[in-house]
Each structure stands twice: as C-alpha cells, then as structure tokens.
Amino acid sequence: MPKIIQLSAHVANLIAAGEVVERPASVIKELLENAVDAGATQITAEIRDGGMTFLRVTDNGCGMLPADAKTAFLRHATSKLRTAEDLSSIATMGFRGEALAAIASVSRIDLLTKTQDALFGTSLTLEAGTITEESEAGCPAGTTIIVRDLFFNTPARMKFMKSDTVEGGKAASAVQLQALAHPEVSFRFLRDGKEVLSTPGNGSLEDTVYSIYGRDSGRMVQTDSTWEQYRLTGFVGKPTDARPSRSMQTFFVNNRPVKSPLLTAALEEAYRNRIMTGRFPSCVLHLHLPSNTVDVNVHPAKTEVKFLNEKAVFDCVHYGVLGALNKAQDRPQMQFKTMPVSEHPHASSVKTAAQIPAKGASAPFFRTVTPEEYKTLSSVIRQAPAPKKEAAVTTASMIERSDSLPIQEAIRLPRLSEPTPPITDDEPVQQTLPMPAPAAWRLVGELYNSYILVEQGDEAFLIDKHAAHERILFDKLKSNQEAISSQSLLAPIPCRLSPDSAAILLTNHSLMAELGFEIEEFGDSTVLLRQIPMDLSAEDAADAVEAIAADLLTGRRQDRTDIRDEVLHTVACKAAIKAGWHTDEQELEALVKQVMSNEDLKYCPHGRPICITLSKQQLEKQFKRT
Ligand code: ADP
Ligand code: MG
C-alpha cells in the first residue's frame, strides 16, 4: 500500500470547491447568503460575461474585523456555528464555513470590508486561495467581494461552463431565488452594466413577486395557513394557468430555497384532477417550521432538506394550497362518478349530427385537412408501428376497413323526453339481422362536443375527437422530414420565462429554427417569437417554447429527433380540434373515417386512447336483458 498522507489545505479546498462551486451561479448564491447572514438590508450583485470574468456582491451588512476577514477564507472558518449541538437548530443560511475558502481556491478575489464602528476597513487580495495583498482601506460599512477569472486554475472545470448567456441566465435565476427567499432585503442585479432586477425589500412577498414576475403575478392565489407548528405562506398559480414545466415552482424552507420532491408532490396533489397531465402548477411558497424539525445539512449546496415529520409537512402544504385554491375558485368543479347511463343527468344531451349547427357558426379554430392529405396520411399511418396491444382499451374486434363503403346518413337518437315505443322483454332493441363483414359504420352523433359516437355492427365506438385529430396531425408532421414550415408574425409574441429557460432557447437557436421558431432576445428573461410553426396558433406558441425549454434544460431529451418529436406533439396537440368545442359534421365524418379505417389510430401521440368500444352485449348486460 502507498503511504497515507494528509491532503494539503489547497487540495482539500479544491475538492470542496468541486462540491460547492459548480458555476458562477453557485458563487452568487453563496455570496448572497453570506450577505443576508450579515444582516444586510441592501445587496447588489453584478456580473460580466456570464460571471466568468467578473462577479461582485456588495452588501451593507455587519462587515468583518481585519483578523476575521483573513480567517474567513480558511476552510471550516465560520462565525455561525460553535458546537455540534448548534447543527440541530441552524438559523443562518451558511454554517459550513466552506464557501469562501472554496471560491477563493478557484479564482482571484478582492475583498473590501468594514464594520460599523471601525475607522478603517480592510482590503484583501487573494489568488487561488492565498492572500497576496493586505491593507487598510477607506470604505463604507459592509462588505464587497469581487471574484475574477473563475476556474482560471482548474481548466477541467472551465470546460464544463456553457456560454455566457446560459451562465448569466443561471446566475440571474440564483438572484431571483434569493430575492424571493428574503423579501425583507432589497436586491439589485446588474448584468453587463444593465440593471435587470430590483426588489423593494419592504418585507412584502407580494411586492417582491410582482417585481420579479410583473403583471403575471396578479393572477396568482395567495395562501397563508398554519398546520400544527408549521406555517405556509406565498402564492400559487391558478389551475388554468398551469405551465408546461416545473420551472416556475419555487419552495423555501425557513427562507432557504430548496428542491424537495416531497413539497412538489404535496403541491401537485392539491391540483389533482384540476389540471391536465403534463402541466404543472407554479408557486412561490414559503414553509416556516421550527429549525429543530428540519435538517439542512444533507447536501453541500444546502438545497436539499430532510424533514423530521414528512407526513405533517406534506399535509401542511397540500391542505394549505387546497384551501387557497378552493377559496379562489371561480367555477364549480364537476364531480364525476359512474352511474347507469339511464340515470345520468346529461343523458339527454346526446347530440345528433342533425342537431349540430351549420358550418361557420362557431368554429374559428379548425384547420381543415384536405382529402388529399388524408390519403397520404392513411398510407403513412398504415406503415407506422402497431401500438402495444396490452395497453389497448378497445376490444380487439374493431373492424379494419370500411372506407370503401358508403357513409350512411346520421340517424337521430330519440331524445329521452320524446315518447319511445314501449319495449317488451322479448322484443329486441334493434334489428339484429346478420351483417356482412366488415359492417358499415355510421356516425350517430357527438357527446359533450368531445366524443364521437359511431355504430358498427354489434359494437359502438366512442372516439375522442381531440386525441384522434392530434394523432393524425402528428403523423402528418412526422412524415414530413424537412424543416417544419413556419409563419412570420406581424406582431412578435413576447414570452416571459425563467432566466435559464430563456437562455437555453437562445443558445439553441438553430434547433429552434429547425422546429419552425425564430427567437430573439428581448430583455432579461423574455424572448420574442418572430416566427412560429405553421400549424401552431399564436396563443399556443408561448406555451410550446416553454415546454421545449424545459426539455432542453433537464437534458431529458438528448437526441434531436426526440426533441423534434416532442415539439411535433406539442404542435399537433395545439393545432388539433379541441374537446368541448363545436366541430362541423363533415369534419367529424372525416375523422371517423380515419379512425375506423386504421387500428393504429387508436392511440394519440401521448399514449392516451383515441377510441373505446361499447358492445351491444355490454349494454344489454347493463339493462339486465341477458
Ligand atoms: P459560512 O457562511 O458557512 O459561515 P463562508 O465561507 O461562506 O462560511 O463564510 C465564512 C465566514 O465569513 C462567515 O461565517 C462570516 O463570519 C464571514 N463572512 C462571509 N461573508 C460575509 C459578509 N458578506 N459580511 C460579513 N461577514 C461575512
Ligand atoms: Mg456562507
């Protein structure tokens, strides 16, 4: 065995730096936390070139005495912790005494600091963690730290840095987080000389949220509730404002920004059945709890926490948010339960094709697919891989082809209020004459403006019109391998995003162009959409780019084809006819024709069923006829 030696302080610091200092944003975070711990009421952060060459944080906090200023850069040097017992009730943001040592070891630092009562302040210069200059200095009370040339001595780490735009975006997000964490402190953030954030520091979370999210914040619902010894305050988005990603969810535990699957789950539980899958609520939520019921010492960056009583924390968030949403509800939610068809209060709303208003009445959204397109489509669809049979909701007895048969006239269903001929037990409900296979189908009508009812032989089909159309459009877009055609907008659409979402979109300019989007920088965390895919409406475009940004940020979709597919899904979904909206009879017929002629159309791109069956036998069972 080689001889064991203790690592030098410098090497130990470099190792710690790997944990604490990942990028400029993590430096900003640590320096802002220190300023808050120092009792500052005003903090200014400034970066140049994404923070790689220059990063400065100035505060009006307690400052440091000359000796303390030097000790601060030693590893495990902290004024915030004395004994092991203190660890169980941490009230400060920092406590590890690691950040300054770690940052200093991978950069060049200038420090200026002065306590309130001192006549002179202290100026220190450090290079790679070693003090190279030290002097008295005239300066205001408080502390300024300048970090230059981050990772200048660790080229391997430097290689992992993204563009200045991306790093700057992440730094901006870090400042936003700290500002939302501490409404009692006024934060300013300057990026390449331009002020991009400024919060009032008047203690009001509402005002802070407003200064960061602008008018959008007015739509959020306020929550303030207590549960046992826990308190939940903050703002949550309305279910109707759900976002395509979790990037707008922020949680604070005792003013510390945290990432917690438990808190996310508790929040989302409150929205169960109120928002679609794939959409996420936004929030700025503060959880306040006794410091001895939470362990913040589980992660070097202190972004993860462990709760003593997870169940109580979950309930506090879940019920707190639920209460707020219920109070703010502007529309009653419908409760569904299964009941026999005959008892269903909406049974009489079965609409027949004949009752549907004529074309042009109210269908502003529909994009017609021409018969030619349908023809090409069906050939594409026939070549598509078969869906997984085990996931099928439909019965296997769906009849394959019927497009060569004439489409029968839609027949009106008797309304429940109309007199119906008396039915006796021995009298069949309908004629069960032997049918030639495959039987012709007929469009019976539409239910709830969402489900098309089709009869074929001894089976009925309910087709989800949105899902069916979405799938058809998706296949069409996917079969077209060239760049997606786009439309130029007369009035570009501004999209407000999180800073890192905006940054990732801007750095993926060519990919976005391939997808049919032309994106331009516009202010700090806002981008302008100048061109969007042809099939996408202007209203849906902003949502789509946010969804793409989320995919790019999580790196979930590494592959370009995957990203392309995901975007095509989004475009198809947005362009498809909507459930609940009126659709012209011919359009319904055209859709049914597609679905009935191809088994592959039973699934929409996201795997939801397109079509379910209801056999005559099932119905007879329900009516106790068998
Ligand atoms: P920690 O925050 O975990 O204590 P740091 O390495 O971040 O460790 O800071 C070390 C010490 O330096 C702090 O405990 C504090 O006493 C002092 N310090 C750091 N930044 C400031 C500041 N902006 N104002 C006053 N004191 C500071
Ligand atoms: Mg610290």
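Predicted model: local features only at pLDDT ≥ 70, side-chain atom pairs only at ≥ 80, totals over all residues.
Student: Which residue of E18 stands opposite Arg442?
Tutor: Strand E18, residues 451-456, runs antiparallel to E17, and six bridges join the two strands. Within this pairing, the residue of E18 that faces Arg442 is Glu455.

Student: Which residue takes a positive phi in the hairpin of E17 and E18?
Tutor: Most residues other than glycine have a negative phi. The hairpin of E17 and E18 has three residues between its strands, and the residue there with a positive phi, near 50°, is Tyr448.

Student: How many residues of strand E7 are buried?
Tutor: Strand E7 runs over residues 186-191 and is mostly covered. Of its six residues, the number that are buried is five.

Student: What is the bridge partner of Arg191 in E8?
Tutor: E7 is also joined by four bridges to strand E8, residues 194-198, and these two strands run antiparallel. In E8, the residue that is bridged to Arg191 is Lys194.

Student: What value does the positive phi of Asp192 take?
Tutor: Asp192 belongs to the hairpin of E7 and E8, in which two residues lie between the strands. The phi of Asp192 is positive, with a value near 45°.

Student: Is Asp149 buried, partly exposed or exposed?
Tutor: Asp149 is placed in the loop between strand E6 (142-148) and helix H5 (155-158), and its phi is positive, near 50°, although the residue is not glycine. Because its relative accessibility is 29%, Asp149 counts as partly exposed.

Student: Is Lys624 buried or exposed?
Tutor: Lys624 is found in the segment after helix H17 (616-622), and it has a positive phi near 55° without being a glycine. An exposed residue has a relative accessible area over 50%. With a relative accessible area of 70%, Lys624 is therefore exposed.

Student: What distance separates an oxygen atom of ligand 1 from an N or O atom in the side chain of Thr78?
Tutor: There are 18 residues around ligand 1, and Asn34, Thr78, Ser79, Lys80 and Gly97 come nearest. An oxygen atom of the ligand is 2.7 Å from an N or O atom in the side chain of Lys80, and a backbone N or O atom of Gly97 also lies 2.7 Å from a ligand oxygen atom. For the side chain of Thr78, the distance is 2.5 Å. 

Student: How much of the area that ligand 1 exposes when taken alone does the protein bury?
Tutor: Ligand 1 takes up the space of the second largest pocket. Taken alone, ligand 1 exposes 530 Å², and the share of this area that the protein buries is 93%.

Student: Which residue has the backbone oxygen that lies 2.9 Å from a polar atom of the Ser107 side chain?
Tutor: Ser107 is found in the loop between helix H4 (99-105) and strand E3 (108-114). Because its relative accessible area is 0%, Ser107 is buried. The backbone oxygen lying 2.9 Å from its side-chain polar atom belongs to Ile103.

Student: How far from a polar atom of the Ser597 side chain does the backbone oxygen of Lys593 lie?
Tutor: Ser597 sits in the loop between helix H16 (585-596) and strand E23 (611-615). Its relative accessible area is 8%, so Ser597 is buried. The separation between its side-chain polar atom and the backbone oxygen of Lys593 is 2.9 Å.

Student: What distance separates the C-alpha atoms of Lys574 and Ala541?
Tutor: Lys574 lies in helix H15, residues 560-575, and counts as buried because its relative accessibility is 16%. Lys574 and Ala541 are 33 residues apart along the chain, and their C-alpha atoms are separated by 8.6 Å.

Key
Residues numbered from 1 in each chain as written. Chains lettered and ligands numbered in written order. Heavy atoms only, no water. Buried < 20%, exposed > 50% of the residue type's maximum accessible area, 1.4 Å probe, protein only. Pairing = 2+ DSSP bridges. Near = heavy atom within 4 Å. Polar contact = N/O pair within 3.5 Å; in protein donor to acceptor, adjacent residues only side chain to side chain. Areas by Shrake-Rupley, 256 points an atom, 1.4 Å probe, with all protein chains shown as cover. 1 Å grid on protein atoms, 1.4 Å probe; cavity = no way out; pocket = protein on both sides within 12 Å on 5 of 7 lines; lining within 4 Å. Sits in = over half its atoms within 2 Å of the grid points.
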